[in-house]
Amino acid sequence: MPKKTKEAFPKIKKIAYEGPDSKNPLAFKYYNEDEKVEGKSMKDHLRFSVVYWHTFRNPLADPFGVGTALRPWDDGTDSVKNAQNRARVAFEFMEKLGAPYYAFHDRDVAPEGASLAASNKNLDAVAKVLKEEQRRTGIKLLWGTACLFSHPRYMHGAATSCNADVFAYAAAQVKKAIEVTKSLGGEGYTFWGGREGYSTLWNTQLKREMDHLAAFLHMAVDHKKKIGFKGQFYIEPKPKEPTKHQYDS
């Protein structure tokens with residue numbers, strides 16, 4: 001049975017549709033999930049998803065100062081216990097918001113360990129809570145993904161890294177992330193190569209980088225088929241994020 005926890009937002013009830021004339025700041029003015037548009041409900045037209053990284057992991061920092069986010073339920077540690085509690089709070093938030101889906105990076109929901117095996121163990125422990133909360137609320141996983149950009153090992157990319165050990169580590173991390181996404185009933189899996197690509201044309205071979213990236217994606221597809229994951233794969237292009245020098249020429 002899911003662990004009973006104290007509400008993080010006890011004064012907030014489920015957000016309801018109250019119409020455009022409502023003065024309630026915590027009410028939907030135009031989104032009515034049951035209203036039919038061209039024979040299809042708004043809920044089916046607009047499959048809203050709460051993304052874990054912006055909503056529960058972004059400290060709201062900027063280049064000039066530290067984060068200002070206030071999250072009293074978060075004890076500030078990288079413990080698995082804190083990550084599990086955060087997951088329960090996240091589902092309370094999503095349930096009250098009425099969002100049908102959520103999405104996450106592996107390192108958003110669970111802390112990185114001292115080794116790949118330790119990181120995988122942490123992810124499994126938090127995924128257990130995510131599955132419990134999905135069953136309790138009916139909220140589904142839209143897609144999962146692997147964070148292949150925040151750790152220093154990925155400073156030169158993951159699939160396009162010049163270091164074969166980094167390529168192998170990234171492949172193993174994606175393998176686990178796809179497996180966890182499948183176990184949670186995810187409808188898709190996303191690839192965002194935030195640090196992929198060259199740093200400067202003076203120290204790279206673009207064809208080799210592209211070949212390595214293609215091989216990486218083919219390996220992911222092969223594993224997807226091997227484990228019977230039926231979800232779609234998405235490749236998310238985001239020019240100029242987090243770097244933009246590639247686009248300045």
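Visitor: Which strand holds Ser41?
Guide: This is a predicted model, in which local features need pLDDT of at least 70, side-chain atom pairs count only at pLDDT 80 or more, and totals for chains, interfaces and linings use all residues. Residues are numbered from 1 along each chain as its sequence is written, and side-chain values use heavy atoms, without hydrogens or water. With strands taken as DSSP runs of E of at least two residues, and helices as H or I runs of at least four, numbered from the N terminus, residues 40-41 form the strand that holds Ser41, namely S4.

Visitor: Is Ser41 buried or exposed?
Guide: Beyond its neighbours within four places in sequence, Ser41 is in contact (heavy atoms within 4.5 Å) with Glu33, Asp34, Glu35 and Lys36. Buried means under 20% relative accessible area, exposed over 50%, and partly exposed in between (1.4 Å probe, protein chains only). Ser41 has a relative accessible area of 11%, so this serine is buried.

Visitor: What is the phi of Glu38?
Guide: Glu38 lies in the loop between strand S3 (36-37) and S4, and this residue is exposed, with a relative accessible area of 79%. Most residues other than glycine have a negative phi. Glu38 is not a glycine, yet its phi is positive, at about 55°.

Visitor: How accessible is Leu60, another residue with a positive phi?
Guide: Leu60 has a phi near 65°, again in a residue other than glycine. You will find Leu60 in the loop between H2 and H3. Leu60 counts as partly exposed, because its relative accessibility is 47%.

Visitor: What is the relative accessible area of Asn122?
Guide: Asn122 is in helix H5. Not counting residues up to four places away in sequence, Asn122 touches Val80, Ala110, Pro111, Glu112 and Gly113. This asparagine is buried, with a relative accessible area of 16%.

Visitor: How are H5 and H6 oriented to each other?
Guide: Leu116, Asn120, Leu123, Asp124, Ala127 and Lys131 in H5 meet Tyr169, Ala172, Lys176, Val180 and Ser183 in H6. Using axes fitted to C-alpha atoms over the stretch in contact, with angles from 0 to 180 degrees between N-to-C directions, H5 and H6 (residues 164-183) pack at about 15°, 11 Å apart. Angles under 35 degrees count as roughly parallel, over 145 as roughly antiparallel, 65 to 115 as roughly perpendicular and the rest as oblique. H5 and H6 are therefore roughly parallel.

Visitor: At what angle do H6 and helix H7 cross?
Guide: On the H6 side the contact includes Phe167, Val174 and Ile178, and on the H7 side Phe216, Met219 and Ile227 are among the partners. The axes of H6 and H7 (residues 206-227) come within 10 Å and cross at roughly 35°.
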